[in-house]
Amino acid sequence: MNLRSSQLMGDLPPIRFQQIRPFETVHLELVSDLSTAAFLAALRRFIARRSCPSKIISDNGSNFKGASSHLRKLVDLCLQEEVQNFLSLKGIEWSFIPPYTPHFGGLWESAIKSAKQLLIKATNSVLLNFEECSTLVIQIEACLNSRPLTELSPDPSDFTALTPAHFLVGDPIHQFPEPSQPSRSVGSF
């Protein structure tokens, strides 16, 4: 008897098969610092662009070495009364995945890994100011939202694919190539 054919995959978490609107639980936002004001401003920007999320899920940072003090500040920030009052007023639930379990955030951890790889490749160790970094993060977002999920047509000569952008804006995001800037070694997408 083949053991592989009798093994079953564990149950998927409910969030993976519930019908929800895009960004009801996942988003990546750039902030200038880890202050309460910067966090609330980023959350307000998110709500203004994507509507109010029902849930925010965060890594608690205990499995990171170099960034652990910064992530600990983020956890402390999330627990501040001003932040908790804002979340409560908006009906947003904030939860943290258990320590040392990055696999709990499988899909978004994978998206963050892809974003980091593109960020590192595009910057080539060049320091960016906030505006440059913000623009690059949004271009990376467009790149990730343009990746193909599946074909749209069974016709083998039709190369169009369903992308995450179809769920966000109804069509693929068309990125036009930009000329390289010799003064800076920052790539663009």
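Student: Which residue does Glu-29 meet in a salt bridge?

Tutor: Arg-49, with N to O at 3.5 Å. Keep in mind that this is a predicted model.

Student: How many salt bridges does the structure hold?

Tutor: Four. One of them pairs Glu-141 with Arg-50, and there the closest N and O atoms are 2.9 Å apart.

Student: What does that pair tie together?

Tutor: Parts of the chain that are 91 residues apart in sequence, because Glu-141 lies in helix 6 and Arg-50 in helix 2. Glu-141 has a relative accessible area of 25%, which makes it partly exposed. Arg-50 is partly exposed too, with 22%.

Student: And which residue meets Lys-55 in a salt bridge?

Tutor: That's Glu-93, at 3.7 Å from N to O. This pair links strand 2 (residues 93-96), which holds Glu-93, with strand 1 (residues 55-58), which holds Lys-55; the two residues are 38 apart. For accessibility, Glu-93 comes out at 44% and counts as partly exposed. Lys-55 gets the partly exposed label as well, at 26%.

Student: OK, switching to helix 6. How far apart are its end C-alpha atoms?

Tutor: 22 Å. Helix 6 has 16 residues (130-145), and at 1.5 Å a residue they should span 22 Å, so the model agrees with what you'd expect.

Student: What happens at the start of helix 6?

Tutor: A side-chain oxygen of Asn-129 comes within 3.1 Å of the backbone nitrogen of Glu-131.

Student: Which residues of helix 6 are buried?

Tutor: Leu-136, Val-137, Gln-139, Ile-140, Ala-142, Leu-144 and Asn-145. As a reminder on helices in general, there are 3.6 residues a turn, so residues three or four places apart point the same way.

Student: What covers the buried residues of helix 6?

Tutor: The cover includes helix 5 (106-123) and helix 7 (164-169).

Student: Next, Leu-149. Where is it?

Tutor: In the loop between helix 6 and strand 3 (150-151). With 48% relative accessibility, Leu-149 counts as partly exposed.

Student: What does Leu-149 touch, not counting residues up to four places away in sequence?

Tutor: Leu-162, Thr-163, Pro-164 and Phe-167. Take Pro-164: it lies 15 residues from Leu-149 along the chain, and their C-alpha atoms are separated by 7.4 Å.

Student: Last topic, the surface. Which residues form a nonpolar patch there?

Tutor: Met-9, Leu-12 and Phe-17, with about 370 Å² of accessible area together.

Student: Why does Phe-17 count as exposed?

Tutor: Because its relative accessible area is 58%, and the cut-off for exposed is over 50%. As for its place, Phe-17 is in the loop between helix 1 (3-6) and helix 2 (36-50).

Notes: Residues are numbered from 1 along each chain as its sequence is written. This is a predicted model: local features need pLDDT of at least 70, side-chain atom pairs count only at pLDDT 80 or more; totals for chains, interfaces and linings use all residues. Side-chain values use heavy atoms; hydrogens and water are left out. Helices (H or I, at least four residues) and strands (E, at least two) are DSSP runs, numbered from the N terminus. The expected span of a helix is 1.5 Å times one less than its number of residues. Buried means under 20% relative accessible area, exposed over 50%, partly exposed in between (1.4 Å probe, protein chains only). Contact means heavy atoms within 4.5 Å. A polar contact is a pair of N or O atoms within 3.5 Å; within protein, one must be able to donate a hydrogen and the other to accept it, and residues adjacent in sequence count only if both atoms are side-chain atoms. Patches are made of residues with over 30% relative accessible area and no salt bridge: like charges are joined within 9 Å, nonpolar side chains (Val, Leu, Ile, Met, Phe, Trp, Tyr) within 5 Å. Accessible areas come from the Shrake-Rupley method with a 1.4 Å probe; for residues, only the protein chains shown count as cover. A salt bridge is a side-chain nitrogen of Lys or Arg within 4 Å of a carboxyl oxygen of Asp or Glu.
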